[in-house]
Amino acid sequence: MKALQAIIAGVALTTLAVGINAAEKTVSVPDSAALKWQDVPNTNGAISYANVEGDIFGKGPYSAYVKFRKGTDNGLHQHSQALPTVVLKGTFYAVIDGKRTEFSAGSYYRLPADLVHESGCTAAADCLLFQYQADAFDLKPVNG
């Protein structure tokens, strides 16, 4: 009897797992330029974003492409949650404890929550990033 119950439980779990995977949709972005790009408020067009999933300034998880015009600097700030980032084009930088690190195309970095830093795009070329977080993006300026 226990063997039969184990088999039934196994079949039920397998069916449930297949149903969950079938309900999840595939997300595909073959060309980031075809996305709906919007300017980040108060940046005079120097920073723009295109949501892939969720909303970068909404509630809940999101993933988004972010463009920085070359030479754009964010100043000293922090974020309330960790910020994983992939640099796709250009050279992005972060200044942490006075040390500047540059991230060229193909680089990945993850800033921990509440880390005070400065960041931006070098003057050589515009930057394209891919970022994602578990909740809405925030940038809290810090007086230096």
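So, Asp114: this aspartate is partly exposed, because its relative accessible area is 43%, and that value falls between the 20% and 50% cut-offs. Keep in mind, everyone, that we are looking at a predicted model. Where does Asp114 sit? You will find Asp114 in the loop that runs between β8, residues 108-111, and β9, residues 117-121. The backbone here deserves a glance too: phi of Asp114 is positive, about 65°, although this residue is not a glycine. As background, most residues other than glycine have a negative phi.

Asp97 belongs to the loop between β6, which covers 91-96, and β7, which covers 99-104. Is Asp97 buried or exposed? Asp97 counts as exposed, because its relative accessibility is 78%, and the cut-off for exposed is over 50%.

Let's finish with the cysteines. How many disulfides are there? The count comes to 1 disulfide. Its partners are Cys121 and Cys127, with 2.2 Å from S to S. For those of you who like handedness, the torsion about the S-S bond of Cys121 and Cys127 is about 85°, so this disulfide is right-handed.

And what about solvent? Cys121 is buried, because its relative accessibility is 2%. Cys127 is buried as well, with a relative accessible area of 2%.

Methods: Residues are numbered from 1 along each chain as its sequence is written. This is a predicted model: local features need pLDDT of at least 70, side-chain atom pairs count only at pLDDT 80 or more; totals for chains, interfaces and linings use all residues. Side-chain values use heavy atoms; hydrogens and water are left out. Helices (H or I, at least four residues) and strands (E, at least two) are DSSP runs, numbered from the N terminus. Buried means under 20% relative accessible area, exposed over 50%, partly exposed in between (1.4 Å probe, protein chains only). A disulfide is a pair of cysteine sulfur atoms within 2.5 Å.
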